[in-house]
Amino acid sequence: MPAIDKEICTGCRTCQTYCTVDAILFEDKKCHIDPDLCTECYVCLRMKVCPEDAIYAEELVGFYKQFQHVISDPVENHGVTGVTGRGTEEVKTNDVSGRVKKGEVGFSIDMGRPGMGVYLRDAEKVAMACAEAGFKLAPQEESPLAALMPDYRTGKLVNECHDYRLLSVIIEGRCEQDKAKDVLKALLKVEKEIDTVFSVGLISRVDENGHCEALEYLDELGIPRPYRGKVNPGLGKPLSTD
Amino acid sequence: MTHSLHREGTIASLEKDYAVFIYPARGYNYKGSAPKVRHLVEIVYQVGPANMIATTLRKNMYSGVKPEEVLDSIQEGCRVFTVFNSREKIKTLLSKFKEADEGISIVVSGLIDRVREIAAEVGLNPHTINLSLGIHGATKLLPPPEIREFTTMCGHAMISPKLVEDIVRKVKTGKIDTWEGSWVLAKPCACGIYNPHRSQELLENLSPLYTVSRW
């Protein structure tokens, strides 16, 4: 994990400017990194932000510390999914992988985004609420967070990880179209029970006429119609037609 | 890169901001993908991106890296993240990608109606869409929206709100200009989709009016 050598630090506070989650504190005219707030994103190390070179890396001890770094630092490659970033291909290859099929709706719930970070205890609350509403969480071959779940279908994480803070982590999965409204209702309820934010992406196949049924119940739930989105135009091969 | 979905800003500003991903799929077309991805990146360079990164090199366009270095770095499974600043360029890009027919997944992130319109114009019928349903939870704790317009341009939140405030302060006091400021903001972005052209416009609009405190 990153640390600051107090002997070298001049207290210029440049590092504070770059820290993504305000984990660098200034006390007694020196900067230091609060290990409970740091998400191990390593932007301070990678960018070499300290003019005196006072920031150095200490060994990441233990599985959860390493997990925290691998998910928070977009340069790292996640071991199981083989994907950098938060370690998920999400909808980007759906034209080939067919993860979200016709008649299904997928969600990618981006915990801690934008820019607030997330303690895994809050990610657990949201994952469990979704699972209880009929959301089928993705297994660890598709979604790194599932590696912390003894049974990924429940959303429950191992207790030991609860106090680790990540820059963000994705809760990902899918459900039958008729369950999507229940999942959205669960999200609107659980959002009041967490100390961070999440951004929601709703993933849907598009029919031959460009129609997306999932949009119809957003109005009913008071969720504004989206104006931003990702479009997969189906250029991948072999094309999934399911 | 999920977060490219939730870039914030006015419609007029987002009209000049489209992220594009080139993504081989593990277990499907990963093997043998290198020459195909290389060809697609050559097309990206022909069209003229506002920023770009290949996961095999991790240096964005403002790091001083040359196109030849990026192309030479591409290996099997390499993913490419790029951003364009006009509708016309996206239309040209998609048209050339369609013609190239390399069979690698492509995703365009932007104003949904605009992207679907462009896809229709080049004869592509979207397969899947991912729609942004916005931010939920303890939103009162978020930085102000005008700061988030910058920070959400990095797909992995590598640009801190304090850095944006620092750059605004430096622009206001004449220490740097808006383009130099945008370069500084683009540097921490390890995913290559920070759009410095849009950032420059945002700085031009924000700097005269914005008051920032110094700790």
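Helix 8 of chain B passes helix 9 of chain B in a right-handed crossing, where a crossing is left-handed if the near helix is turned anticlockwise from the far one by less than a right angle, and right-handed if clockwise. The axes of these two helices of chain B come within 8 Å and cross at roughly 125 degrees, axes being lines fitted to C-alpha atoms, for helices over the stretch in contact, with angles that run from 0 to 180 degrees between N-to-C directions. That angle makes helix 8 of chain B oblique to helix 9 of chain B, because angles under 35 degrees count as roughly parallel, over 145 as roughly antiparallel, 65 to 115 as roughly perpendicular and the rest as oblique. On the side of helix 8 of chain B, the contact involves residues including B:W179, B:W183 and B:L185, and on the side of helix 9 of chain B residues including B:P196 and B:L203; two residues are in contact if their C-beta atoms, placed from the backbone, lie within 7 Å.

This is a predicted model, in which local features need pLDDT of at least 70 and side-chain atom pairs count only at pLDDT 80 or more, while totals for chains, interfaces and linings use all residues. Residues are numbered from 1 along each chain as its sequence is written, and chains are lettered from A and ligands numbered from 1 in the order in which they are written. Helices (H or I, at least four residues) and strands (E, at least two) are DSSP runs, numbered from the N terminus.

An open sheet of ten strands, with antiparallel pairing, has the order 7(A)-9(A)-5(A)-10(A)-5(B)-11(A)-4(B)-1(B)-3(B)-2(B), two strands being paired if DSSP finds at least two bridges between them. Its edge strands, strand 7 of chain A and strand 2 of chain B, each pair on one side only. Strand 11 of chain A and strand 5 of chain B pair in the antiparallel sense over four bridges, and A:N232 stands opposite B:T128.

| Helix of chain B | Strands touched | Angle |
|---|---|---|
| Helix 4 (residues 87-100) | strands 1, 3 and 4 of chain B | about 140 degrees with strand 3 of chain B |
| Helix 5 (residues 112-121) | strand 11 of chain A, strands 4 and 5 of chain B | about 135 degrees with strand 4 of chain B |

Between the chains, 65 residues of chain A are in contact with 63 residues of chain B. The largest share of the side of chain A that touches chain B, nine residues, comes from strand 10 of chain A.
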